[in-house]
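Here are my notes on the model, as numbered points. Have the coordinates open while you read.

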Amino acid sequence: EQNIGDRISISAEINSSMGKIYSESYVSVPESYVNQTSGQTFIGLKDYSLYVSYVELKYISKYFFRENDDRCGYIASTLGFKKVNYGYADQQENQGDLSLKESKLIFPLGLRLGWRGSIDGWFGDGFVGAGLNIRAGAESKDPVIKVFNKNSTISKIYFTAGYSFGIGWAD
C-alpha cells in the first residue's frame, strides 16, 4: 500500500483458496445410456467428486477522513478479477485425479469502511465491506458443474470483513 496524497492511498491484494476446496464429497447427475444388446435407453445416476479453487487480484483505492500518515478511518472502492476453477472425477470409474473441467471469470466491485494504522513500515488495517460479483450468475456449460451450481452458486452480492497486515510507505 502507498499513500499518494494527504488523504488517498492505493494498494493491491492477492487472495487465493490455497489449493482445492472440496465443496461436496459427491454430486449425482442423471445420465442416459443405451443397453448394447436390447438397444433400450436407460437413465441412471452417476456420482462425481467435486472441488472448487480460486485466485483473486484486487485493486483498492482509499479515501481517508483526515491526513493518512497516522491512524485514520477511510472509505474505499475495490475492483478486481477472480478466476474460479471447477473440477471433478467420476467415482464409478475410480478416477483418483480430480481434473479441471471449467473456469469462470468474475469481477468483484465493492466498497469498504475501515481503520488503518500508521503506514510507515508494518501496519494493520481492519475493514468491513460489501459489493457485487459481476458475472457470478453466468451459466455453466459443463453438465456436472451445472448440477453442482444448482445447490452451490457464487453469490452476486458479497459481504466481507477482515484484518490485514502490510508493508507501506508514506511518501
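1. Start with the pair Glu-13 and Arg-112, whose side chains form a salt bridge with N to O at 3.1 Å. The term here means a side-chain nitrogen of Lys or Arg within 4 Å of a carboxyl oxygen of Asp or Glu. This one ties together distant parts of the chain: Glu-13 belongs to strand β2 (residues 8-16) and Arg-112 to strand β6, 99 residues apart. Both Glu-13 and Arg-112 are buried, where buried is under 20% relative accessible area, exposed is over 50% and partly exposed is in between (1.4 Å probe, protein chains only).

2. A word on provenance: this is a predicted model, where local features need pLDDT of at least 70 and side-chain atom pairs count only at pLDDT 80 or more, while totals for chains, interfaces and linings use all residues. Residues are numbered from 1 along each chain as its sequence is written, and side-chain values use heavy atoms, with hydrogens and water left out.

3. How many salt bridges does the structure hold? It has five. Another of them joins Arg-116 and Glu-1, at 2.5 Å from N to O. That pair also links distant parts of the chain, with Arg-116 in strand β6 and Glu-1 in the segment before β1 (2-3), 115 residues apart. Arg-116 counts as buried because its relative accessibility is 0%; Glu-1 counts as buried too, because its value is 17%.

4. Next, look at Asp-125 and Lys-62, a salt bridge whose closest N and O atoms are 2.3 Å apart. Which residues do the salt bridges link into a network? They are Glu-1, Lys-62, Arg-116 and Asp-125.

5. Now the overall layout. The protein has one helix and eight strands, and along the sequence the pattern reads β-β-β-β-β-β-β-α-β. For the record, helices (H or I, at least four residues) and strands (E, at least two) are DSSP runs, numbered from the N terminus. Of the 171 residues, 37% are buried. Among contacts (heavy atoms within 4.5 Å) with a separation of 6 or more, 67% come from residues 24 or more positions apart.

6. Asn-68 deserves a click. Asn-68 sits in the loop between β4 and β5 (72-90), yet counts as buried because its relative accessible area is 1%. Leaving aside residues up to four places away in sequence, Asn-68 touches Asn-3, Gly-5, Asp-6, Arg-7, Ile-8, Ser-9 and Arg-116. From Asn-68 to Asn-3 the C-alpha separation is 7.4 Å, with the two 65 residues apart along the chain.

7. On to the helix. Not counting residues up to four places away in sequence, Ile-145 touches Leu-50, Tyr-86, Tyr-88, Glu-102 and Ser-140. The C-alpha atoms of Ile-145 and Lys-101 are 8.4 Å apart, with 44 residues separating the two along the chain.

8. Ser-49 is another spot to check. Ser-49 is in strand β4 and counts as buried because its relative accessible area is 19%. The C-alpha atoms of Ser-49 and Asp-90 are separated by 6.7 Å, for a pair 41 residues apart along the chain.

9. One backbone item: Arg-135 has a phi near 80°, a positive value in a residue other than glycine. Most residues other than glycine have a negative phi. Arg-135 is in the loop between β7 and α1 (143-151) and counts as partly exposed because its relative accessibility is 45%.

10. Finally, Asp-120 is in the loop between β6 (99-116) and β7 (121-134). Asp-120 counts as exposed because its relative accessibility is 51%.
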